[in-house]
Amino acid sequence: MELKAAFPKTIPVLAGYLFLGITYGILAVTSGLPAWMPVLTALVVYTGSMEFLLVSILLAPFNPFSVLATTLMVGARHIFYGLTMLTKYRGTGKAKFYLIYTTSDETFALNCDAEIPKGMSKTKYYLWISFLDQMYWVAGAALGAFSGSYITFSTEGLDFVMTAMFLCIFLNQWLRESDLLRQKNRSKTAWEKLFLAHTGELTGVFCSLVCLLIFGAERFIIPSMILILAVLSAGRKRIEPAADELQKGEKA
């Protein structure tokens, strides 16, 4: 029952992970790594952006400090994922360890925004979302690794699939929250509605743009996350009542 409800939600991830996983598998094999390596890393490492970097790391002279710094920089965003999911994953028992391990960008987006159907176990629902997403990535990596030597066309640009998928998720959440707030607060002005419904999204976009201008494209991610956390923490007393109001409107 939970699988039937979870699978349709993961279809956008299937499209993104399959094609990007194939790209990763092809990259690994054409760079000189054995075909089993991308499949193993898809199962054990399971962090797309770092796995692409891992190809060059494995082929370069061993430098543990550089690897550690790179991994921390690339994976720092998961700190915020974990903090966000503390409440969501509460009460999931031993399954919490696997849920934490498989919290990729897309799995976080789906589970964080999940609407658990009545009568279903939230633990099983989260598990199916997490498991399916990981298997999509593993399947893509395996297809790319074992068929890479037979592919002759250019795969340049396939990595944009992930960007496009996140944009779709962002727009879907934006529209859904706008509809809920329109139903709940018909008396509010348009600007008040916009700010109330999309505080998180607007904060993220604004802080990212500011840090992009200050630090540049190569170094803006971590400063953006710190600034977003600071802004949301400072405005918590005003943001939380708005979020509670929106959730009440969704349940109604």
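Residues 24 or more positions apart account for 74% of those contacts in the protein whose separation is 6 or more. This is the picture given by a predicted model, and the elements behind the contacts are simple to list. The secondary structure comprises 14 helices and zero strands, so that a walk from the N terminus reads α-α-α-α-α-α-α-α-α-α-α-α-α-α. Of the 252 residues of the protein, 35% count as buried.

Helix α2 covers residues 11-30 and helix α4 covers residues 48-59; their axes come within 10 Å and cross at roughly 5°. Since angles under 35 degrees count as roughly parallel, α2 is therefore roughly parallel to α4. On the α2 side, the contact is made by L20, T23, Y24, L27 and A28, and these meet E51, F52 and V55 of α4. By residue class, the contact of α2 with α4 divides into six nonpolar, one polar and one charged.

The second pair is formed by helix α6, residues 77-84, and helix α8, residues 105-112. Their axes come within 11 Å, with a crossing angle of roughly 20°. The angle again falls under the 35 degrees that count as roughly parallel, and α6 and α8 are therefore roughly parallel to each other. The crossing of α6 and α8 is left-handed. From α6, the residues taking part are R77, H78, Y81 and T84, and their partners in α8 are D105, F108 and C112. The residues of this contact of α6 with α8 divide into three nonpolar, two polar and two charged.

The side chain of T107 is joined to that of D133 by a polar contact of 2.8 Å. Beyond residues up to four places away in sequence, T107 touches Y46, T102, I129, S130 and D133.

One of these partners of T107 is Y46, which can be followed next. Y46 lies in the loop between α3, residues 36-44, and α4. With a relative accessible area of 6%, Y46 is buried as well. The backbone of this residue is also worth a glance. Most residues other than glycine have a negative phi. Y46, although not a glycine, has a positive phi of about 50°.

At 29% relative accessibility, P117 counts as partly exposed, because the value lies between the 20% limit for buried and the 50% limit for exposed. The C-alpha atoms of P117 and E2 are separated by 8.6 Å, although the two residues are 115 residues apart along the chain. Leaving aside neighbours within four places in sequence, P117 is in contact with A5 and Y125.

The α2 and α4 axes cross at roughly 5°, and the α6 and α8 axes at roughly 20°.

Note on methods
Residues numbered from 1 in each chain as written. Predicted model: local features only at pLDDT ≥ 70, side-chain atom pairs only at ≥ 80, totals over all residues. Heavy atoms only, no water. Axes fitted to C-alpha atoms, helices over the stretch in contact; angles between N-to-C directions. Helix = DSSP H or I, 4+ residues; strand = E, 2+ residues; numbered from the N terminus. Parallel < 35°, antiparallel > 145°, perpendicular 65-115°, else oblique. Left-handed = near helix turned anticlockwise from the far one by under 90°. Contact = heavy atoms within 4.5 Å. Nonpolar A, V, L, I, M, F, W, Y, C, P; charged D, E, K, R; others polar. Polar contact = N/O pair within 3.5 Å; in protein donor to acceptor, adjacent residues only side chain to side chain. Buried < 20%, exposed > 50% of the residue type's maximum accessible area, 1.4 Å probe, protein only.
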